[in-house]
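Have the model open while you read.

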Amino acid sequence: MDLFNDISEIKEFAPELDVSTPMQNLERGFTIARSKVIEVIGTDVYNKITTEPGDIQRCLKSSLVNFMMNENIVFSEAGKEKDKKMFKYEYEQVRGKYIDYGYSYLDELIALLENSDMEEWENSEQKKSLEKLLITAAEMRELSGLDSMYFFFRIRNIIRDVADDEIFPRYQMVRINDFDERTRRILKRALVNLTLARVIKTFDFLELPRPLRSTLQSEFSGSTSMKDDLLCVSESYHDTGIDLLARLEIKKTGSNTIMDNEPLSENDKFYFAN
């Protein structure tokens, strides 16, 4: 198991772990956790970090263990008899804690990488892929309130697909900087809403950032299943995104000048709970 020689080393990052737990019982969860991390930082960066002790490696270990513990809870509960399983709220609380800690440590890891001169990170496909998006991490944070670089990396392909499916067909091959500032902001707000609509339908609810989970829960009706509630909220975000795009109309001149048919109001803004 990468970075860990025995159970005691893992326990340093998960004090609640039973020291008698066989290492092989954790390997499946660790493999999934490692895949999640590599999806964000890339194999070359991951391998580089494993060879260099320090703050970056500490963050890597912490994120891996927390994501692994989350997966371990899933496997453990799935194998239990019904009367021995956790209550639903306990299950979600424990998993949510591990996932939130995993997010936090990976956010810290990415911040350290951004401030480092690691060649593998600068040349990684993961980092370069962000440069091709219509929106930056800072803009995503400003427009959505979601302050997680790890989450931004995880949804980068969804952001790209939404642009391909919803933005480019309407405005051909958009060079977004050709538009005036107000138009760019409306386009990016539409992109954020349409992206979140897909994210909500795609991700396990507990793997969404805590602020987004809190906001979604506040919008649940309580009279239907969580699946139905999530679909309903997803449709609401999608409709908002389409409405924003509908306010923008390309002039028939063939230029990238867009007319704003209806100004944004305070009701168009949305904020996520902490």
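A quick word on terms: a residue is buried under 20% relative accessible area, exposed over 50%, and partly exposed in between. Keep in mind that this is a predicted model.

## Phe4 and Phe13

How many aromatic pairs are there? The count comes to eight. One of them joins Phe4 and Phe13 edge-to-face, with 6.0 Å centre to centre and 80° between the planes.

Is Phe4 buried or exposed? Its relative accessibility is 3%, so Phe4 counts as buried. Phe13 has a relative accessible area of 24%, so this residue is partly exposed.

## Phe4 and Phe30

Phe4 also pairs with Phe30, again edge-to-face: the centres are 6.2 Å apart and the planes make an angle of 90°. This pair ties together distant parts of the chain, since Phe4 lies in the segment before α1 (7-11), while Phe30 belongs to helix α2 (residues 27-41). The two are 26 residues apart, and both Phe4 and Phe30 are buried.

## Lysines over rings

Phe4 has a charged neighbour as well: the charged end of Lys61 sits over the Phe4 ring, 5.8 Å from its centre.

Elsewhere, which ring does the charged end of Lys97 sit over? That would be the ring of Tyr98, with 4.7 Å to the ring centre.

## An aromatic cluster

Finally, there's a group to pick out on screen: one aromatic cluster is made up of Phe67, Tyr103, Tyr150, Phe151 and Phe203.

Technical notes:
Residues numbered from 1 in each chain as written. Predicted model: local features only at pLDDT ≥ 70, side-chain atom pairs only at ≥ 80, totals over all residues. Heavy atoms only, no water. Phe/Tyr/Trp six-rings, centres within 6.5 Å; stacked < 30°, edge-to-face > 60°. Buried < 20%, exposed > 50% of the residue type's maximum accessible area, 1.4 Å probe, protein only. Helix = DSSP H or I, 4+ residues; strand = E, 2+ residues; numbered from the N terminus. Lys NZ or Arg CZ within 6 Å of the ring centre and 35° of its normal.
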